[in-house]
Amino acid sequence: MGGAARTVGLVLALAVLCAVGVATAGERFASVDNLMTILRLAAVYGVLSIGTTFVITGGGIDLSIGSVLGLASVWASTVATQTMAEGTHWGVMVFTALAVGAACGLVNGVLIAYGRVVAFIATLAMMVAARGLAEIIANRRTQIVEVDAFLDVFRADVLGVSVSVWIFAVAALLGWFVLNRTTFGRRTVAVGGNPEAARLAGIRVQRHTAALYVLAGLTAGVAAVMMLARTGSGSSTHGMLYELDAIAAVVVGGTLLAGGRGSIAGTVLGVLIFSTLTNVFVQNNLSTSAQSLTKGVIIVVAVLLQQRFAARARRT
């Protein structure tokens, strides 16, 4: 199944969901305000999913990005960080969130690439540890963001569109360019497809693998900044189970769980499909249980289709 065919299929699936939304909720769904709501909901998940696309394309998995998001949001909203930001520049909060995310990604990358710890175990440990550290720092309390300049910037609208949506769009464009038009992207595909062949071709597989996890941590830091602006607070509960939604969007978007093939465009469409699905359920007052069931079915169908087309490709 070619990349163009997969993209067309995802666009059709999104169009069907929109048609269902219009048919069941009418103008409430079709309004511009609701469209902006869908995009704002997709933004945080979308940025996380961009980093996850690179990790999975490179043959890995990252279960910690949701917890890293929570830790970064807490660290960036501590009294010390906010006091420094008020005394200097709101960028201190942004830098703190990005630094925490990148540091967590580096720990994951070093453990996996150089310590040879299985990615599932290493990132599972980080998921638990980052959430626990966030709870310790915040003392299980919600930390209110009081730096008005920070909130003014990240809650603003540009050309009628929220800054968070613009951040998602820029992240998606950069992700697409890096994956499809740079040496880093080609090496990511090579490492995910066959690490040994990549090593023999001169690619420093360990260093590249570590860089992929740093990238995923960095996107978690960006998502933490967006979450701080959206909620006006830092909390150890931020990002709870977000990693599962990110992985689901990536898989539905056509990235192979086994690695070696990834699609940023597919990931973006996967994120929009799940965000639109959530909105349709909310508009029709349907239960979150039914929503979760539907998401599960979509994920299983996507994986089964991946296996079917991969088997067909091997036969040919």
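This is a predicted model: local features need pLDDT of at least 70, side-chain atom pairs count only at pLDDT 80 or more; totals for chains, interfaces and linings use all residues.
**Notebook: nonpolar patch, core and aromatic rings**

Residues are numbered from 1 along each chain as its sequence is written, and side-chain values use heavy atoms, with hydrogens and water left out.

**Patch.** I listed its members as Val107, Leu111, Val117, Val118, Phe120, Ile121, Leu124 and Val128, with about 650 Å² of accessible area together (Shrake-Rupley method, 1.4 Å probe, only the protein chains shown counting as cover for residues). A patch takes residues with over 30% relative accessible area and no salt bridge, and joins nonpolar side chains (Val, Leu, Ile, Met, Phe, Trp, Tyr) within 5 Å and like charges within 9 Å; a salt bridge is a side-chain nitrogen of Lys or Arg within 4 Å of a carboxyl oxygen of Asp or Glu. Both α6 (91–113) and α7 (119–138) supply at least two residues each, helices being DSSP runs of H or I with at least four residues and strands runs of E with at least two, numbered from the N terminus.

**Core.** I then looked up the largest nonpolar core, which has 75 residues, with Leu48, Leu69 and Phe150 having the most contacts inside it (buried Ala, Val, Leu, Ile, Met, Phe, Trp, Tyr and Cys joined through side-chain atoms within 4.5 Å). Helix α12 (residues 205–231) gives the most to this core, 11 residues.

**His238.** I found His238 in the loop between β4 (233–234) and α13 (242–252), and it is buried at a relative accessible area of 10% (buried is under 20%, exposed over 50%, partly exposed in between; 1.4 Å probe, protein chains only). Leaving out residues up to four places away in sequence, I see His238 touching, among others, Leu69, Gly70 and Arg131, contact meaning heavy atoms within 4.5 Å. Gly70 lies 168 residues from His238 in sequence, yet the two are 4.6 Å apart, C-alpha to C-alpha.

**Rings.** I recorded 4 aromatic pairs (ring centres of Phe, Tyr and Trp, the last by its six-membered ring, within 6.5 Å; planes under 30 degrees apart are stacked, over 60 edge-to-face, the rest tilted). Trp90 and Phe154 are edge-to-face, 5.5 Å centre to centre with 90° between the planes, and this pair links parts of the chain 64 residues apart. Trp90 is partly exposed at 23% relative accessibility, whereas Phe154 is buried at 14%. Phe150 and Phe154 form a tilted pair, 4.9 Å and 45°, and Trp90, Phe150 and Phe154 make one aromatic cluster.
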